[in-house]
Amino acid sequence: MSYKILIVDDHMVVKTGVSIILNSEINDLDIQFASTFSETLDKVKQFSYDLIILDINIPGGKNIEMIPEIRAIVPEVKILMFSAHEEEFYALRYVSAGADGFLNKLSSEEKLIEAVRSIREFGKYLTENLIDQLNNNLLNDEPLNPFDKLSKREIEIANLLVRGDGNLEISNNLGIQMSTVSTYKNRIFEKLKINNLVELIEKHHMHCN
């Protein structure tokens, strides 16, 4: 019985290349394609897939929200995230949201084949680096998303800071003293273990977009 894969990517060269590599090394594959998230949802409603290789930046995509939306239709399907971003910045976020593996697009052909074989045989593809990250979070009782440490007010202020608002604008916007804004800002930086606004923007982009 064939192993059915849906490759979701808006670049034909990528879809074709991945398909050729997999078919050359793994037997009994039935590979189909989608280019957008809406097309992906349509396909999973019509066909039964064993694995979805899902680019994180497809048109209409919703970052980690794509995973529960797909699972709401097909709970058992395996999902391998496919990304041009570095693993350490994104993998933990997607795996914690329910993905079964994460693969960088710049990985070798061997890694691609290893990932698909691992998911087919064991249900997961986790690199040693990713396993270490997951274990460290569990051992240190750290939330997978560091913004979960913040109160609602702190998240509100963090969002305004990332948007580019200064202390005066935040003070006027929220009706609080500028000294209170500074206190919140220091507390946010301390909880997130960062030192400046640039790091806040980077961390916010990594975990909240």
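This section describes the fold, the helix packing and selected residues of a predicted model.

The protein chain comprises 209 residues, of which 43% count as buried. Its secondary structure consists of 10 helices and five strands. The C-alpha trace extends over about 65 × 35 × 30 Å along the principal axes. When contacts between residues at least 6 apart in sequence are considered, 61% of them join residues at least 24 apart.

Two packed helices are described by the angle between their axes and the distance between the axes. In the pair formed by helix 1 (residues 12–25) and helix 5 (residues 109–122), the angle is about 70° and the axes lie 10 Å apart. Because angles of 65 to 115 degrees count as roughly perpendicular, helix 1 is classed as roughly perpendicular to helix 5. The crossing of these two helices is right-handed. On the side of helix 1, the contact involves V18, I21, L22 and E25, which meet E109, L112, I113, V116 and R117 of helix 5. Six nonpolar and three charged residues make up the contact of helix 1 with helix 5, and no polar residue takes part.

Helix 7 (residues 152–163) packs against helix 10 (residues 197–208) at an angle of about 105°, with 10 Å between the axes. Helix 7 is therefore roughly perpendicular to helix 10. Helix 7 contributes A158, N159, L161 and V162 to the contact, and helix 10 contributes L197, L200, I201 and H204. By class, the contact of helix 7 with helix 10 contains six nonpolar and two polar residues, with no charged residue.

For helix 8 (167–174) and helix 9 (178–192), the packing angle is about 110° and the axes are 9 Å apart. This value makes helix 8 roughly perpendicular to helix 9. The residues that meet are N167, L168, I170 and S171 in helix 8 and M178, V181, S182 and K185 in helix 9. The contact of helix 8 with helix 9 divides into four nonpolar, three polar and one charged residues.

Two buried residues in strands were considered next. I79 belongs to strand 4 (residues 78–83) and has a relative accessible area of 0%, so I79 is buried. Although I79 and A99 are separated by 20 residues in sequence, their C-alpha atoms are 5.3 Å apart in space. With residues up to four places away in sequence set aside, I79 touches L51, I52, L54, I67, I70, R71, A99, D100 and G101.

D55 is located in strand 3 (residues 51–55). With a relative accessible area of 4%, D55 is buried, since values under 20% fall in that class. A polar atom of the D55 side chain is placed 3.2 Å from the backbone nitrogen of N57. Beyond its neighbours within four places in sequence, D55 is in contact with V8, D9, D10, M66, F82 and K105. Two of these contacts, D9 and D10, are aspartates, as is D55 itself.

A further aspartate, D165, occupies the loop between helix 7 and helix 8. Its relative accessibility is 12%, so D165 counts as buried although it lies in a loop. The side chains of D165 and R163 make a polar contact at 2.6 Å. Contacts of D165 other than those with residues up to four places away in sequence are made with L160, I170 and N173. One of these residues, I170, also belongs to the set through which helix 8 meets helix 9.

D28 adopts a phi of about 60° and is situated in the loop between helix 1 and strand 2 (29–34). The relative accessible area of D28 is 53%, so this residue is exposed. K193 likewise has a positive phi, near 60°, and is found in the loop between helix 9 and helix 10. With a relative accessible area of 61%, K193 is exposed, because the exposed class begins over 50%.

Conventions: Residues numbered from 1 in each chain as written. Predicted model: local features only at pLDDT ≥ 70, side-chain atom pairs only at ≥ 80, totals over all residues. Heavy atoms only, no water. Axes fitted to C-alpha atoms, helices over the stretch in contact; angles between N-to-C directions. Helix = DSSP H or I, 4+ residues; strand = E, 2+ residues; numbered from the N terminus. Parallel < 35°, antiparallel > 145°, perpendicular 65-115°, else oblique. Left-handed = near helix turned anticlockwise from the far one by under 90°. Contact = heavy atoms within 4.5 Å. Nonpolar A, V, L, I, M, F, W, Y, C, P; charged D, E, K, R; others polar. Buried < 20%, exposed > 50% of the residue type's maximum accessible area, 1.4 Å probe, protein only. Polar contact = N/O pair within 3.5 Å; in protein donor to acceptor, adjacent residues only side chain to side chain.
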